[in-house]
Amino acid sequence: MNHDERVLRELVSEYGRTYADEAGIRLKDTPQPLYRLLVLALLLSARIRASVAVAAARALHEDRLDSPRRMAGADWQQRVDALGRGGYRRYDERTATQLGDGAELLLERWGGDLRRLHEEAGGDTGELRRLLQEEPGVGPAGADIFLREAQRVWPELAPYLDGKALSGAERLGLPKDPDRLAELAGNTEPAVLAAALVRAALDKQVAEDCLRRAS
């Protein structure tokens with residue numbers, strides 16, 4: 001096992017947990033978990049700690065705001081209150097509006113089912129990324145977050161390692177080529193690899209810890 005493989009082994013062993021797992025989303029290729037992942041991606045894309053975004057996603061789920069129909073049917077204050085309980089206060093009012101508008105668009109355009117959006121993209125990852133950004137509040141960063149995690153159930157995307165994941169690879173002194181990273185990671189799920197690399201990008205201590213243990 002070479003040095004790069006040891007670094008990735010340490011990284012995945014310690015930090016290889018997807019954000020969907022952290023938010024309690026059992027990701028499947030079905031409408032509700034995919035919608036919950038979209039909401040999580042929107043929350044994570046703001047300039048706020050990932051732990052706060054995850055807590056807010058959990059709070060929305062606890063309030064049963066976990067499908068486009070329920071999200072659209074809730075009033076604005078319900079959404080604000082759930083986000084606030086999760087600690088998502090800096091962006092709660094704007095985000096509550098985006099969640100309502102996004103749920104309505106998803107219902108009108110794709111029948112509340114992100115699998116239809118996936119089908120509309122016709123296997124083109126770039127088009128899929130563009131369509132996701134039609135959702136209010138989902139910009140390039142949010143689309144990337146969604147696709148990093150969705151490759152678990154849409155395997156044709158893999159390895160989906162966006163700029164944030166590759167910046168984690170750079171911090172670890174690893175190659176910045178997605179295929180090469182996937183090869184070095186062996187049997188590691190691409191979604192797990194992506195999440196672990198993002199954690200290294202977001203926290204210098206994560207990278208330093210892995211490099212120390214791999215040396």
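The structure, a predicted model, holds 2 aromatic pairs, where rings of Phe, Tyr and Trp (its six-membered ring) pair if their centres lie within 6.5 Å, and planes under 30 degrees apart count as stacked, over 60 as edge-to-face and the rest as tilted. A pair of aromatic rings is described by the distance of the centres and the angle of the planes. Tyr 88 and Tyr 91 form a tilted pair, with 6.2 Å centre to centre and 50° between the planes. Both Tyr 88 and Tyr 91 are buried (under 20% relative accessible area; exposed is over 50%, partly exposed in between, with a 1.4 Å probe and protein chains only). Residues are numbered from 1 along each chain as its sequence is written. In this predicted model local features need pLDDT of at least 70 and side-chain atom pairs count only at pLDDT 80 or more, while totals for chains, interfaces and linings use all residues; side-chain values use heavy atoms, with hydrogens and water left out.

Tyr 88 is also one of the contacts of Leu 83, a residue of helix α6 (residues 76–85). Helices (H or I, at least four residues) and strands (E, at least two) are DSSP runs, numbered from the N terminus. Leu 83 counts as buried because its relative accessibility is 0%. Leaving aside neighbours within four places in sequence, Leu 83 is in contact (heavy atoms within 4.5 Å) with Leu 43, Ala 56, Leu 60, Tyr 88, Asp 92, Thr 95, Ala 96 and Leu 99. The C-alpha atoms of Leu 83 and Arg 58 are separated by 9.2 Å, with the two residues 25 apart along the chain.

Arg 36 is buried, because its relative accessible area is 13%. Beyond neighbours within four places in sequence, Arg 36 is in contact with Ala 23, Gly 24, Ile 25, His 61 and Asp 66. Between the C-alpha atoms of Arg 36 and Gly 24, which are 12 residues apart along the chain, the separation is 9.8 Å.

Another arginine, Arg 199, lies over the face of Tyr 19, at 4.1 Å from the ring centre; a charge sits over a ring if NZ of Lys or CZ of Arg is within 6 Å of the ring centre and within 35 degrees of the ring normal.

Helix α10 is largely enclosed by the rest of the structure, because 9 of its 11 residues are buried. Among them are Ile 145, Phe 146 and Leu 147, as well as Asp 144, Arg 148 and Glu 149. The buried residues of α10 pack against α2 (19–22), α3 (31–44), α8 (114–121), α9 (125–132), α11 (163–171) and α13.

The largest pocket has a volume of about 360 Å³. On a 1 Å grid over the protein atoms alone, a cavity is a set of points where a 1.4 Å probe fits but cannot get out, and a pocket is an open set with protein on both sides within 12 Å along at least five of seven lines; lining residues have an atom within 4 Å of a point. Grid points are joined across faces, edges and corners, and the volume is the space filled by probe spheres set on the points. Of the 16 lining residues, Leu 44, Ser 45, Ile 145, Lys 164 and Leu 202 are the closest to the centre.

Two backbone features lie in loops. The peptide bond from Ala 158 to Pro 159 is cis, with omega near -5°, and Pro 159 is in the loop between α10 and α11. Arg 64, a residue other than glycine, has a positive phi near 65° in the loop between α4 (50–62) and α5 (68–73).
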